[in-house]
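Welcome! Please take a moment with the sequence and the 3D view below, and then we can walk through them together.

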Amino acid sequence: MYIRKVYKLQTIAGKSFLFLRKDGEVDMTRILSFNKTSVWLWKQLSDIEFTEDEVFCLLKEHYEGDLSQMKQNLKWWIDSLIKEEIIVV
Amino acid sequence: MENLYNIAGHIVYIECDNSAVMDTLDGFKVFQIPLVGEADVHIVLEDAEPLPISGTLYNTIVTDVAISRFYYTEKSFYMGIWRQNELRLSMQFEKNSKKCHIQGEISPVLLRFALWVAFNLATIDNMTVAIHASAVIYKKQAFLFLGESGTGKSTHTRLICQRYPEVELLNDDSPIIRVENGECMVYGSPWSGKTACYKPMKFSLGGVARLHQAVVNKISLLPLHNAIGALLPSLPPELYLCSNLQSKVTSILSEMIEQVSVYSLECLPSESAAELSLKTMTRTIRKWNK
């Protein structure tokens with residue numbers, strides 16, 4: 001899977017956001033905010049192809065914590081971005 | 001080079017052989033300046049048929065009178081305006097040279113819009129953007145009132161000016177935001193909608209409110225997410241809908257949000273609404289000062 005190149009993370013007032021798109025155009029009514037972990041993941045995954053397992057390996061190398069919870073959170077994150085057609089499988 | 005204008009601190013040269021066309025641009029006259037060095041923006045009005053448009057379509061605006069379509073390529077932006085399925089006006093903007101060519105129906109309405117688009121494309125790199133708003137000046141600061149067309153922006157600012165004689169209208173449709181030395185400034189512009197309010201002046205941004213019609217008056221300070229949602233629809237879609245320009249627009253938006261408070265104003269067209277908004281917006285201390 002990969003992140004569609006049309007999506008660029010934007011920084012507004014020190015916070016990171018993604019403007020969602022609809023029918024090929026920016027949908028002004030829908031904005032996703034990214035926390036620090038999401039921003040880190042986004043930077044790792046931009047411009048590469050990846051699998052969920054590969055991303056999990058990256059994540060557990062960089063962050064500490066409950067691995068099962070981490071895996072669950074990651075799955076939710078990837079599934080959410082797939083649903084919004086930001087990540088293409 | 002006699003059609004030379006200083007708009008928001010940018011020198012704009014409109015090359016046009018037909019003085020009758022330039023005479024239709026009422027709002028531009030007070031921005032005219034004497035001959036100076038090189039212009040920042042060079043717009044050429046050509047007495048020719050509209051040219052075919054090419055590139056990747058990124059935005060379409062449909063109004064009662066026309067359909068405007070916006071395209072980009074690696075080196076240029078293009079705009080076409082169609083009326084009754086016929087291409088009436090074409091515009092090509094070269095990114096590197098910032099030179100713009102316009103052909104076709106040079107009617108005042110279409111021409112003013114094309115010049116506005118050209119100005120925005122040419123100046124966005126210099127942290128400058130037009131914003132759809134009615135702007136008033138109070139104590140050397142500019143306060144912006146945003147909202148969908150017909151919400152009552154002009155009515156609200158007129159009521160403020162009536163209630164407070166020391167308040168003055170700066171622009172009624174499209175003032176220009178420019179970030180200068182890190183500070184958001186608001187400039188008057190030659191584009192002011194139906195109100196002939198053309199002022200070559202600038203003031204620091206004091207605050208922003210997005211208007212909504214309501215049955216009671218209420219003003220609320222917006223958190224970050226909502227402030228973005230309040231400001232973004234009033235910035236030119238010709239810019240932020242294009243992936244290549246989006247980050248430039250959000251940089252300006254970011255500066256605005258960091259520096260001043262953004263409010264939601266639910267209101268009636270009444271003097272008490274004018275009192276509520278001006279009192280609230282002017283008692284807020286600027287978030288940040290350089």
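## Where the chains meet

How many residues does the contact take from chain A and from chain B? Chain A brings 16 residues and chain B brings 18 residues, where contact means heavy atoms within 4.5 Å. Please keep in mind that this is a predicted model, in which local features need pLDDT of at least 70 and side-chain atom pairs count only at pLDDT 80 or more, while totals for chains, interfaces and linings use all residues. Residues are numbered from 1 along each chain as its sequence is written, chains are lettered from A and ligands numbered from 1 in the order in which they are written, and side-chain values use heavy atoms, with hydrogens and water left out.

The area buried between chain A and chain B is about 1400 Å², with 65% of it given by carbon and sulfur atoms; buried area is the accessible area (1.4 Å probe) that two parts lose on being put together, summed over both. Four residue pairs, both residues at pLDDT 80 or more, are in polar contact between chain A and chain B. A polar contact is a pair of N or O atoms within 3.5 Å; within protein, one must be able to donate a hydrogen and the other to accept it, and residues adjacent in sequence count only if both atoms are side-chain atoms. On the side of chain A that touches chain B, strand 4 of chain A gives the most, with five residues (strands are DSSP E runs of at least two residues and helices H or I runs of at least four, numbered from the N terminus).

## A pair within chain A

A salt bridge is a side-chain nitrogen of Lys or Arg within 4 Å of a carboxyl oxygen of Asp or Glu.

One of these joins the side chains of A:Arg30 and A:Glu84 (2.7 Å, N to O). A:Arg30 lies in strand 4 of chain A and A:Glu84 in the loop between helix 3 (67-83) and strand 5 (87-88) of chain A, so the pair ties together parts 54 residues apart in sequence.

## The largest pocket

The largest pocket has a volume of about 1600 Å³. On a 1 Å grid over the protein atoms alone, a pocket is an open set of points with protein on both sides within 12 Å along at least five of seven lines, a cavity is a set where a 1.4 Å probe fits but cannot get out, and lining residues have an atom within 4 Å of a point. Points are joined across faces, edges and corners, and a volume is the space filled by probe spheres set on them.

Its lining has 50 residues, and B:Thr63, B:Phe113, B:His132, B:Ser149 and B:Asp173 lie nearest the centre. Helix 2 of chain B supplies the largest share, six residues.

## The largest cavity

The whole structure has one cavity of 30 Å³ or more, and about 40 Å³ of space lies in the largest cavity. Its lining includes A:Tyr7, A:Phe19 and B:Gln246, and strand 3 of chain A gives the most, with three residues.
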